[in-house]
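User: I have a structure open and want to learn how to read it. Can we go through a few features together?

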Amino acid sequence: MKRTSRLAAIMLTCFIVASTAAALAAASPVFDVDREFYPYYPSLMKWNKSTVPFNEPKRCGGCHSRQYKEWNGSVHSLAFKDPIYQGELNKGVKAVGHEVSRQCEGCHSPVGMMTGEIKGPGNAGLSEMALAGVSCDVCHSISGVTHWQTPSHEPENGSFILTPGVETKDGQTFIKRGPFKPSDNCGGGFHKCEESPLHLKADLCASCHQVYHYDSHFPIEATYLEWKHGPYAQKNILCQDCHMVDIEGFKRSADQFVKPQREEYHHYFSGANYLLTYLAAGAAKKAGDEKLARSLMQQYDMAVERLKSAADLELLPVYHDGALDELKVRVKNIRAGHNLPTSLSNVRQMWLEITARDEAGKVVMTTGTLNPDGSLPDTARNFNSDGMGNDFHFAIDPWVVTAFAKHDTIPPRGYKEVFYGLHFPAGLKKVTMEARLRYRQADQKVAEALLAAVPKDIDLDQVYGLKAVPALPVVDMAVKQATFDTAQ
Ligand code: HEC
Ligand code: HEC
Ligand code: HEC
Ligand code: HEC
Ligand code: HEC
């Protein structure tokens with residue numbers, strides 16, 4: 001063994017010992033964990049256990065075909081199959097041990113985790129129910145939440161209760177909970193209905209949209225609390241009012257604080273993840289399912305359009321002693337109900353690219369342009385958060401991140417300003433500045449590493465037609481131009 005590789009092996013062993021020790025160490029007494037109350041810890045899901053089973057989405061779709069069509073192709077329907085998730089899960093299990101997968105799966109495939117069917121990363125041999133991720137029978141079996149009993153006393157890591165039905169003298173009765181007072185024939189003889197005020201609240205979404213470190217209870221993703229501490233919660237504009245309606249309805253909710261009509265709600269759960277729906281559309285085409293591929297591409301379009309509606313830019317010149325000295329760019333979060341970007345803010349990238357042109361259109365200055373290898377230059381202002389472990393080292397893996405070194409996302413209806421020092425060639429009279437707010441799901445290298453880590457039973461070429469990871473697509477969320485005199 002060469003000296004360097006032996007050193008590397010020793011360091012790796014130390015790392016594994018250190019990380020296992022970290023995994024076994026109990027959390028701070030500040031975050032008291034009641035393991036009897038939370039039998040699936042580190043997932044905080046609870047199950048009112050009986051012999052009553054869960055039903056796969058196709059079964060529900062037999063009578064609720066509209067909801068099924070909308071949901072099938074949503075990010076919720078992909079939450080477990082998602083190859084980026086599978087890659088990260090695989091890494092997590094190797095780094096921390098199998099326990100951690102309960103935390104992940106409690107949100108990405110609650111039923112597969114609880115029934116014990118999912119034994120580890122990978123899709124092979126799993127039932128439709130486990131593969132269905134965040135499916136109909138997850139949301140419509142939620143009978144309550146334990147948000148205030150959790151170790152952090154906030155909604156976190158799947159703090160909801162599932163009750164798919166009850167056992168009676170006559171056998172099993174399915175109970176599905178929804179927004180309405182049950183009609184006479186509610187459930188068509190298949191299930192009973194229960195009116196559930198929880199389904200008309202953001203608390204329904206909160207348990208999964210607050211991702212905490214599995215044992216240190218640090219809020220890595222805090223979409224729900226960002227929303228709750230902002231203006232939309234004060235006006236009763238909920239997650240559902242933006243994410244369960246089409247693009248026009250969402251803009252109305254966001255701009256006018258008006259709630260959609262009941263018949264406007266859909267099961268799209270449309271967000272920002274166009275990369276995932278694009279990959280999944282490739283897989284559906286390869287499998288010959290054109291209908292699903294179309295529905296996924298519709299989700300792709302909706303995500304891109306939503307991103308293009310979320311932000312606005314203002315360009316303001318700053319003169320010192322009569323000379324144009326700085327450009328001030330104001331980046332406004334005009335329509336996201338939470339911070340922009342919101343969860344996975346240590347992975348998502350949203351940055352400014354600035355270009356200055358002279359009167360002839362020649363570029364005289366540029367900053368924030370991607371490097372030829374696809375990485376973001378260090379100088380670019382990236383509105384993200386930088387995760388770190390206990391040792392002040394940069395980290396993105398959720399089992400490592402216990403703090404943020406920086407948190408630079410934009411609050412709802414808020415803005416941030418960035419100043420750029422300007423230096424022009426002599427003799428330039430007018431300059432045209434262009435600012436672009438650009439977005440992608442992850443850094444090129446991070447995406448490549450995650451996709452390289454997918455479990456062996458997911459062949460990216462065979463399933464997704466991916467021979468290599470292409471350059472990740474970038475969406476321009478907002479583009480603004482303005483021309484200024486270089487002297488006042
Ligand atoms: C509390 C619920 C919850 C838990 C626990 C959780 N996640 Fe997630 N995860 C989410 C949500 C919600 C998103 C979507 C956020 C977004 O789109 O910005 C997500 C997104 C992701 C993504 C990005 C997927 C993509 O296509 O970009 C990865 C990777 C991921 N999770 C991995 C994990 C792993 C690994 C674990 C366990 C260590 C885990 N998650 C635990 C809720 C959870
Ligand atoms: C992420 C949680 C979630 C998932 C997954 C989900 N639903 Fe819903 N569903 C809701 C919410 C919230 C409402 C209430 C919307 C509203 O305010 O009208 C609802 C409403 C409904 C209603 C009442 C009529 C309507 O459309 O408003 C039916 C029926 C329904 N869902 C069936 C389904 C079926 C079938 C699936 C799977 C194909 C499904 N749901 C998946 C959360 C969910
Ligand atoms: C045999 C047909 C049938 C099947 C199968 C079925 N439902 Fe229903 N469901 C109905 C009917 C009928 C209603 C009454 C309202 C309506 O017409 O949409 C209803 C109503 C609902 C509601 C609204 C309840 C309320 O009070 O707001 C939800 C939620 C729901 N179903 C969920 C599901 C889920 C989840 C599944 C799969 C596990 C499912 N249904 C399977 C027929 C069915
Ligand atoms: C059981 C857990 C769970 C519940 C309950 C839940 N979600 Fe999610 N949601 C997830 C996970 C996990 C993902 C991410 C999956 C992935 O990226 O692989 C997600 C993704 C999303 C996305 C897409 C994000 C993107 O990047 O495009 C939206 C929008 C969303 N959820 C909205 C909602 C709303 C609204 C509700 C409440 C009505 C809700 N969710 C309830 C687990 C949940
Ligand atoms: C006023 C409208 C509005 C409300 C209310 C709202 N959102 Fe969003 N949401 C957006 C917009 C616009 C985006 C796209 C920009 C972005 O990524 O932040 C988005 C993005 C998301 C994403 C995807 C983030 C990513 O990086 O992929 C998730 C997940 C999400 N929202 C969940 C929620 C949840 C959960 C709630 C309620 C607690 C909620 N949203 C409330 C408008 C809204």
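User: Which helices each supply at least two residues of the shell around ligand 2?

Analyst: Keep in mind that this is a predicted model. Start from the ligand and ask which elements line it. Here helix H2 (57-61), helix H3 (65-71) and helix H9 (136-139) each give at least two residues to the shell. The shell around ligand 2 holds 24 residues, and those that come nearest are Cys 60, His 64, Trp 71, Cys 136 and Cys 139.

User: How do the residues of the shell around ligand 2 divide by class?

Analyst: There are 13 nonpolar residues, 10 polar and one charged.

User: Now a helix. Which residues of H15 are buried?

Analyst: Take burial residue by residue, then look for the packing partners. In H15, the buried set is Tyr 274, Leu 276, Thr 277, Leu 279, Ala 280, Ala 281, Ala 283 and Ala 284. These residues pack against helix H4 (75-78), helix H5 (83-96), helix H16 (290-310), helix H18 (460-464) and strand E17 (475-485).

User: What span does H15 reach from its first C-alpha to its last?

Analyst: H15 covers residues 274-286 and reaches 19 Å, close to the expected 18 Å. Just after H15, Gly 288 has a positive phi of about 80°.

User: Last, the domains. How many residues of domain 1 are in contact with domain 2?

Analyst: Domain 1 is 29-229, and domain 2 is 310-461 + 473-485. Their C-alpha centres are 34 Å apart. Across the boundary, 26 residues of domain 1 contact 21 residues of domain 2. H5 gives the most to the domain 1 side, with 10 residues. By class, that side has 12 nonpolar, 10 polar and four charged residues.

Notes
Residues are numbered from 1 along each chain as its sequence is written. Chains are lettered from A and ligands numbered from 1 in the order in which they are written. This is a predicted model: local features need pLDDT of at least 70, side-chain atom pairs count only at pLDDT 80 or more; totals for chains, interfaces and linings use all residues. Helices (H or I, at least four residues) and strands (E, at least two) are DSSP runs, numbered from the N terminus. The expected span of a helix is 1.5 Å times one less than its number of residues. A residue is buried if 20 or more other C-beta atoms lie within 10 Å of its own, exposed if 12 or fewer, and partly exposed in between; C-beta atoms are placed from the backbone. Two residues are in contact if their C-beta atoms, placed from the backbone, lie within 7 Å. A residue is near a molecule or strand if its C-beta atom, placed from the backbone, lies within 6 Å of it. Ala, Val, Leu, Ile, Met, Phe, Trp, Tyr, Cys and Pro count as nonpolar, Asp, Glu, Lys and Arg as charged, and the others, Gly among them, as polar. Domain bounds come from an automatic or database domain assignment.
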